[in-house]
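Keep the viewer open as you read.

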Amino acid sequence: HYIDWLFVKKGLYFRNYEDLWSWSVTDLEDFWESLWQYFNIKSHDLYLEVLVRPQQGMIGTKWFTRSRLNYAEHIFRHKNALQPAILFQSEDQVLQSISWDELETQVAAVAAWLKQIGVQSGDCVVAVLPNIPQAIIAFLATNAIGAVWSSCSPDFGTAGIIDRFSQIEPKVLFVTDGYCYNGKCYSSGLQNQALQLALPSVKDVVLIDHIGSALKADRGTAWEDILHLRNWGLEFEGVAFDHPIWILYSSGTTAKPKAITHSVGGCLLEHLKALSLHQNVKSGDRYFWYSTTGWMMWNYAVGAMLSGATLVIHDGSPTYPSSQVLWELASKANVNHFGAGAAFYLGCMKSNLKIPSNSLKHLVSIGSTGSPLTAEAYEWIYASVKSDVWLISLSGGTDVCSAFVGGCPLLKVYAG
């Protein structure tokens with residue numbers, strides 16, 4: 001469709017994907033401006049220039065100068081009553097649906113509360129949360145007001161979380177009373193106290209009751225209280241193209257994790273390109289990628305909502321109560337695009353997992369990343385999961401919050 005659009009709207013003819021790719025890396029301004037137009041990007045101000053290069057090197061490059069955008073606004077333009085916004089299950093929660101109206105109402109309440117306590121555009125809001133809907137709601141609210149998001153998974157450990165968040169002086173911290181993994185629940189009470197002491201810039205801590213413990217928000221705010229606040233609906237703050245959207249972190253294997261800041265406009269255009277074109281995610285599809293809130297694939301998966309997809313999320317172990325749990329979720333939720341780390345597929349293959357035939361009739365693509373997927377795993381997926389699925393091995397990472405290597409619906413798939 002994009003190639004056809006380029007021919008009709010731009011008079012550009014490409015014989016094949018290689019020609020298209022060559023043009024995209026040669027005529028940078030025309031290519032990225034075509035994506036802006038193709039995806040109908042909404043800007044609160046018209047841009048002046050597509051690309052302004054520095055005198056030397058690439059540092060200081062400016063894209064779409066004077067434009068003012070909002071990432072969350074482009075997600076909510078897909079709001080409708082025909083499909084859910086989010087589908088969620090966890091180890092102790094059956095599959096539940098969150099409508100677009102529910103999502104908008106809760107995001108509006110959290111955004112209004114953030115502004116009420118003085119959070120402004122450019123301030124940092126952080127979260128130590130499992131992969132639950134409240135994490136997505138808190139991010140969308142943070143983004144809606146122009147603030148900057150950063151999240152860690154609770155299993156990072158207190159020291160690992162402090163190493164990351166102490167670099168960015170957050171104003172608000174979202175936490176839960178605990179989390180569950182592999183059939184066991186863990187209290188986060190002591191971790192929450194340690195984080196409050198170690199992060200003096202935090203003005204308020206929001207406590208989400210997740211595991212039903214007796215933990216109270218003694219020195220903070222309860223999530224439920226925020227949702228009951230009166231507000232005037234969801235509004236979106238337009239920010240500069242290069243305004244920060246979120247802060248991710250390097251692994252920290254050789255030294256303290258390094259903060260990596262991404263831009264609103266860069267992630268907006270890149271996620272639309274990567275998910276709509278390279279993964280062929282369309283409006284009405286259901287997109288799942290197994291992740292925690294501390295991996296860039298969580299941020300990337302939220303980007304599927306830019307394409308009009310319903311986001312499907314799972315919190316907990318990928319093998320509890322059995323190795324079938326994620327495949328069963330894909331079947332129940334009618335998932336079209338299923339993703340996980342390569343290690344998950346290798347584990348399924350080594351355990352000789354059998355997927356019931358016809359249980360994945362809606363599945364179109366399977367994505368793999370995190371490490372190379374072996375040729376044997378390719379063969380296992382086509383033999384044991386689905387013979388006509390489109391298998392995509394992605395390689396990218398935290399540096400780009402996307403992929404350098406991805407799928408292409410116009411090319412053949414090669415094992416390994």
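First, the residue classes: Ala, Val, Leu, Ile, Met, Phe, Trp, Tyr, Cys and Pro count as nonpolar, Asp, Glu, Lys and Arg as charged, and the others, Gly among them, as polar. What you're looking at is a predicted model, where local features need pLDDT of at least 70 and side-chain atom pairs count only at pLDDT 80 or more, while totals for chains, interfaces and linings use all residues. Residues are numbered from 1 along each chain as its sequence is written, and side-chain values use heavy atoms, with hydrogens and water left out.

Now for the voids. They come from a 1 Å grid over the protein atoms alone: a cavity is a set of points where a 1.4 Å probe fits but cannot get out, a pocket is an open set with protein on both sides within 12 Å along at least five of seven lines, and lining residues have an atom within 4 Å of a point. Grid points are joined across faces, edges and corners, and the volume is the space filled by probe spheres set on those points. Helices (H or I, at least four residues) and strands (E, at least two) are DSSP runs, numbered from the N terminus.

Next, the second largest pocket, which holds about 640 Å³ of space. It is lined by 32 residues, and the closest to its centre are Ser153, Phe156, Thr292, Gly294 and Trp295. Two or more lining residues come from each of β7 (148-152), β9 (178-181), β14 (244-249), α11 (296-302) and β17 (310-315). This pocket's lining splits into 13 nonpolar, 16 polar and three charged residues.

On to helix packing. Axes are lines fitted to C-alpha atoms, for helices over the stretch in contact, and angles run from 0 to 180 degrees between N-to-C directions. Helix α7 (residues 158-165) packs on helix α8 (residues 189-198) at about 30°, with axes 10 Å apart. Angles under 35 degrees count as roughly parallel, over 145 as roughly antiparallel, 65 to 115 as roughly perpendicular and the rest as oblique, so α7 and α8 are roughly parallel to each other. Thr158, Ile161 and Ile162 of α7 make the contact with Gln191, Ala194, Leu195 and Ala198 of α8, where contact means heavy atoms within 4.5 Å. That contact has five nonpolar, two polar and no charged residues.

Helix α13 (residues 342-350) and helix α14 (residues 375-385) also have axes 10 Å apart, but pack at about 70°, and are therefore roughly perpendicular. Here Tyr345, Leu346, Cys348 and Met349 in α13 meet Glu376, Ala377, Trp380 and Ile381 in α14. Those contact residues divide into seven nonpolar, no polar and one charged.

Finally, two backbone details. Most residues other than glycine have a negative phi, and most peptide bonds are trans. Tyr320 and Pro321 are joined by a cis peptide bond, with omega about 5°; Pro321 sits in the loop between β17 and α12 (325-332). Asn280 has a positive phi, near 60°, and is placed in the loop between α10 (264-278) and β16 (286-289).
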